[in-house]
Amino acid sequence: MAAALELFSTRDAEDVSIDDVASAAGASRALVYHYFGGKQELYVAALRSAAEQLESRLRPHEGGRPLDELASGLRRYFDFVEEHAAGFAALLRGGPANRAGEVGEIVEGVRQRLFRLIQRQMRVEDPSPVLRTTLRSWIASVETAGLDWLEHRDVERSTLEKMLVDHMVALLGVAASYDPDVARLLEQLA
């Protein structure tokens, strides 16, 4: 699985063959086909593996202030990004149909669970449309920042994590001017 994730994260899925994966894994082509059936099944299994690893890492360690919990979650998120760069990149870069079918379901499933986790950290049961949009926008920003950091690594990781927490506060500040519920939430977070 690790060999498949590495290949899928550095090359387009269409450019990776079962022979490439078998060679990188030190296994026979027949063995790869036996366990996965074909390249699409292998790709989906590799993405599921990456998604499960990320989600297990992000399980909350509740008890602190919401922004502290958010910062702690970001540290664990970037621990995953750093330790599993191939899986993270493969998970977010999509694949053959760019988020269609099972691939799209995996990626969207991770995003939905992250959304619910942040919602719980902020102690919000039913987010307004403005807050929902704000949180989803922030998740997209974190994903993009993670990919950029992997590619360039020209910002200290701790600085990036703090910047992303500040980014959340700034986004909530903008959203507060459109939604009084977000304004109250922001007051509680301060």
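Reader: Over residues 1-54, how much of the chain is helix and how much is strand?

Author: Over residues 1-54 the chain is 76% helix and 0% strand, and the end C-alpha atoms of that stretch are 15 Å apart. Helices here are DSSP runs of H or I with at least four residues, strands are runs of E with at least two, and both are numbered from the N terminus. This is a predicted model, in which local features need pLDDT of at least 70 and side-chain atom pairs count only at pLDDT 80 or more, while totals for chains, interfaces and linings use all residues. Residues are numbered from 1 along each chain as its sequence is written, and side-chain values use heavy atoms, with hydrogens and water left out.

Reader: What does UniProt place at residues 1-54?

Author: The unreviewed UniProt entry places the feature "domain: HTH tetR-type" there, and the annotation "DNA-binding region", also from an unreviewed entry, covers residues 17-36. UniProt positions are given in the numbering used here with feature names shortened, and such annotations may be inferred rather than shown by experiment. Over residues 17-36 the model is 80% helix and 0% strand, with end C-alpha atoms 13 Å apart.

Reader: Stepping back, how many helices and strands does the chain have?

Author: The chain has 10 helices and 0 strands, and its C-alpha atoms fill a box of roughly 60 × 35 × 25 Å along the principal axes. Of its 190 residues, 45% count as buried, where buried means under 20% relative accessible area, exposed means over 50% and partly exposed lies in between, with a 1.4 Å probe and protein chains only. Among contacts (heavy atoms within 4.5 Å) between residues at least 6 apart in sequence, 63% join residues at least 24 apart.

Reader: And the charges, how many positive and negative side chains are there?

Author: There are 22 positive and 30 negative side chains, and the centres of the two sets lie 3 Å apart. Lys and Arg count as positive and Asp and Glu as negative, leaving out His and the chain ends, and each charge is placed at NZ of Lys, CZ of Arg, CG of Asp or CD of Glu.

Reader: On to helix 5, how many of its residues are buried?

Author: Helix 5 is mostly covered, with 13 of its 18 residues buried. It runs over residues 66-83 and reaches 26 Å from its first C-alpha to its last, close to the 26 Å expected at 1.5 Å a residue, the expected span being 1.5 Å times one less than the number of residues.

Reader: Glu 143 is a charged one, so is it buried or exposed?

Author: Glu 143, which is found in helix 8 (residues 129-152), counts as buried because its relative accessibility is 8%. Leaving aside neighbours within four places in sequence, Glu 143 is in contact with Tyr 77, Phe 88, Leu 92 and Arg 111.

Reader: How far apart are the end C-alpha atoms of helix 7?

Author: They are 30 Å apart, which agrees with the 30 Å that its 21 residues (101-121) should span at 1.5 Å a residue. Buried residues in helix 7 include Val 103, Ile 106, Leu 114, Phe 115 and Gln 119.

Reader: Then Arg 153, what is its phi?

Author: Phi of Arg 153 is near 50°, again a positive value in a residue other than glycine. Arg 153 has its place in the loop between helix 8 and helix 9, and is partly exposed with a relative accessible area of 41%.

Reader: Last one, which residues is Ala 176 in contact with?

Author: Ala 176 lies in helix 9 (residues 157-176) and, leaving aside neighbours within four places in sequence, is in contact with Val 182, Ala 183 and Leu 186. Ala 176 and Leu 186 are 10 residues apart in sequence and 7.4 Å apart in space, C-alpha to C-alpha. At 18% relative accessibility, Ala 176 counts as buried.
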